[in-house]
Amino acid sequence: MWAHLVQKSASVSRYRAGSMLRGLFHLIYPPACAHCHVHVAGHHALCPSCWGEMRLIEKPYCPVLGLPFAHDPGEGMVSPQAIAHPPVFDRLRSVALHEGVARHLVHGLKYRDRVDLAPMMAGWMLRAASVEVAEADAIVAVPLHRMRIFRRMFNQSAELARHLSAQSGKPFLAEALVRRKRTRQQVGLTANQRSLNVRGAFGVPEGREDLVFGKRIVLVDDVYTTGATVSAATIALKKAGAADVTVLTFARALAGPI
């Protein structure tokens, strides 16, 4: 009896202490919109105005490339781009177009060390690919070269993948894919230059093929532009025996208007 009361009292005390700490944290760092910084109800959220500016990618879209359709072409219809140039990955899913608020969030995470944005962004990624993540065996992030990790101190794609794993319950295979060679920054390169730049850049470490062999993999990156990076990473995963690869990014660029 006394042991039960002591345990219950300790639990109440921990709850009250936690509540006080959360209250103090909110007092010192009041919840603010992740983009415009106006006050909002909770941390890791956007205000209604900024949320309304996000160009979310919703159905109808190409089931292969995830390209949003201007109108519904019917069930199972694939975009001309996917027919003309079938990707090496099995499908692509993204949260929003890489512009405005979405672009700001990506740049905040990637260039301004806003790792606090990763849980929110990963939550939206889980929503955008709920079926694909549910059917996957594991999550893999596009890796950075160790020299770039040394300079930046973190990998934005790995941060997204780690939180996606925590929120979905799917294992994050942090060591399943490595970047074998140091490449130039992709920004400013043409599509062909990007492809050549990352050719052969990725690989599954020798002896770790069992991590991906026969598995359905969700490959996480922050932005999809030409697809050169995730394509090179997919080739490495499939060479090691991955059965299926879904590319999942927070944002994606479009070549033209929709």
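**Reading helix α10**

Trainee: Which residues of α10 are buried?

Mentor: Buried means under 20% relative accessible area, exposed over 50%, and partly exposed in between, with a 1.4 Å probe and protein chains only. In α10, the buried residues are A228, T229, V230, S231, A232, A233, T234, A236 and L237. The helix is thus mostly covered, with nine of its twelve residues buried. Please note that this is a predicted model, in which local features need pLDDT of at least 70 and side-chain atom pairs count only at pLDDT 80 or more, while totals for chains, interfaces and linings use all residues. Residues are numbered from 1 along each chain as its sequence is written, and side-chain values use heavy atoms, leaving out hydrogens and water.

Trainee: How many helices and strands does the chain have?

Mentor: The chain has ten helices and six strands. Of its 258 residues, 44% are buried.

Trainee: How many aromatic pairs are there?

Mentor: Rings of Phe, Tyr and Trp (its six-membered ring) pair if their centres lie within 6.5 Å; planes under 30 degrees apart count as stacked, over 60 as edge-to-face and the rest as tilted. By this rule there are three aromatic pairs. One of them joins F89 and Y224: the ring centres are 6.2 Å apart and the planes lie at 90°, so the pair is edge-to-face. F89 lies in the loop between α3 (80-84) and β1 (91-97), and Y224 in strand β5 (residues 216-224), so this pair ties together parts that are 135 residues apart in sequence. Both F89 and Y224 are buried.

Trainee: Is the pair of W124 and F250 stacked or edge-to-face?

Mentor: W124 and F250 are stacked, at 5.9 Å centre to centre with 25° between the planes. W124 lies in helix α5 (residues 118-128) and F250 in strand β6 (residues 244-252), so the pair ties together parts that are 126 residues apart in sequence. W124 counts as buried at 15% relative accessibility, and F250 is buried with a relative accessible area of 0%. Ring pairs link W124, F250 and W51 into a cluster.

Methods
Helix = DSSP H or I, 4+ residues; strand = E, 2+ residues; numbered from the N terminus.
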